[in-house]
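Visitor: I have a model open and would like to learn how to read it. Please take me through it feature by feature.

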Amino acid sequence: MSPVVHLNGQFLPLDQAFVPVLDRGFIFGDGVYEVIPVYSRHVFRLEEHLRRLQHSLDGIRLANPHTDEEWGQLIRELVARNAGDDQYVYFHITRGVAKRDHAFPQNTAPTVFMMSSPLITSPQELVETGISAVSANDNRWDRCDIKSIALLPNVLLRQVAVDHGAAETVLFRDGILTEGSASNIFAVENGVILAPPKDNHMLPGITYDLVLELAAAHGIPLEIGKYHESRIRAANELWLTSSTKEVLPIIRLDAQPVGDGKPGAVFWKMHALYQDYKTRVMRSPA
Ligand code: PDD
């Protein structure tokens, strides 16, 4: 059965949803997006995702077509119309359909597209084994805080990992850790979590924020700073975080073991806290 999607005010089967070729999302990648996990049909940190969406829309000077209440209703309806208790909602807003011209069109309605897919988080074996990553120079623009649909740099950077049989590409800009091609990156050094700052060189991850909160609430030392590649390569642990991957240990970087080449003790602590948070807050909310 075709999943149900939402396009410009209508719910319809995915195979009946079409966008005109002159949509600026197609022509210019002129739009922004969000990805929100849904656990047991509860939407994860909706307010935070909508706040980040507003930041992205402001960053590209596009008016928000919906209030937060409207977004909440649309997302909940989309989830209700699709199968599976755990889903992830992808939605994007483009600057709409207009004659091709770089400058913003006048009086053009934005295009709103939303879909939901089954959320399949990392299997336990993968969590226990950990993943391999490679590194690359972060050659993206300097507004990585905007969740832009123009993802060609991220696509090319992710493919570098795939070409090397790895799962993610860890990015360094002028030798300083920024993030992954589609994730945020943390390191652990002598029991202290090291995190890059939420500046214009990384996407402010919602999962990143939860890791910071859990570390603070449970007394795990955490330091935010600009970390040189040499320090990251010498770290005891490396992790990636994202809405769909949650927290995953990176056990090899550029074919070299990270720490002792196994998921570390701080990772296991954070993994347990994250799973506990999901069970308590998402699966059985008050
Ligand atoms: N990507 N950095 C980048 C470049 C990302 O694309 C993502 C997530 C993150 C993590 O953000 P969050 O924790 O809010 O998911 C960081 C999503 C999942 C995607 O593009 O599919």
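Visitor: Which residue stands opposite Val4 in strand 2?

Guide: Pro13 stands opposite Val4. Helices (H or I, at least four residues) and strands (E, at least two) are DSSP runs, numbered from the N terminus. Two strands pair if DSSP finds at least two bridges between them. Strand 1 and strand 2 pair in the antiparallel sense over 4 bridges. The two form a hairpin with 2 residues between them, and Asn8 in the turn has a positive phi of about 45°.

Visitor: What should I know about the model before going on?

Guide: The model is predicted: local features need pLDDT of at least 70, side-chain atom pairs count only at pLDDT 80 or more, and totals for chains, interfaces and linings use all residues. Residues are numbered from 1 along each chain as its sequence is written, and side-chain values use heavy atoms, with hydrogens and water left out.

Visitor: In what order do the 6 strands of the open sheet stand?

Guide: In a regular strand the side chains alternate between the two faces of the sheet. Here the order is 2-1-6-5-3-4, with antiparallel pairing. Strand 2 (10-13) and strand 4 (42-43) are at the edges with a single partner strand each, so one side of each has no neighbour in the sheet. Further in, strand 3 (residues 31-39) and strand 5 (residues 87-94) run antiparallel and are joined by 8 bridges. Pro37 is opposite Tyr88 in strand 5.

Visitor: Which helices lie across these strands?

Guide: Axes are lines fitted to C-alpha atoms, for helices over the stretch in contact (heavy atoms within 4.5 Å). Angles run from 0 to 180 degrees between N-to-C directions. Helix 3 (residues 68-81) lies across strand 1 (4-7), strand 2, strand 3, strand 4, strand 5 and strand 6 (111-118), at about 135° to strand 5. Helix 8 (residues 265-283) lies across strand 3 and strand 4, at about 85° to strand 3.

Visitor: Where is Pro110, and what does Pro110 touch?

Guide: Pro110 is in the loop between strand 5 and strand 6. Pro110 is partly exposed, because its relative accessibility is 27%. Not counting residues up to four places away in sequence, Pro110 touches Asn8, Pro65, Ile93, Thr94, Arg95 and Gly96. Pro110 and Asn8 are 102 residues apart along the chain, and their C-alpha atoms are separated by 8.4 Å.

Visitor: What do the buried residues of helix 5 pack against?

Guide: They pack against strand 7 (131-137) and strand 8 (168-173). The buried residues of helix 5 are Asn154, Leu157 and Ala161. These fall within an arc of 70° seen down the axis, so they line one face of helix 5. The face turned away from the buried side of helix 5 carries the exposed residues Leu152, Leu156 and Asp163.

Visitor: Which residues does Asn154 touch?

Guide: Not counting residues up to four places away in sequence, Asn154 touches Arg140 and Ser181. The relative accessible area of Asn154 is 15%, so Asn154 is buried.

Visitor: Where is Glu246, and is Glu246 buried or exposed?

Guide: Glu246 lies in strand 14 (residues 246-253). Glu246 is buried, with a relative accessible area of 5%. Its phi is near 60°, a positive value in a residue other than glycine.

Note on methods: Buried means under 20% relative accessible area, exposed over 50%, partly exposed in between (1.4 Å probe, protein chains only). The arc is that of the directions from the helix axis to the C-beta atoms.
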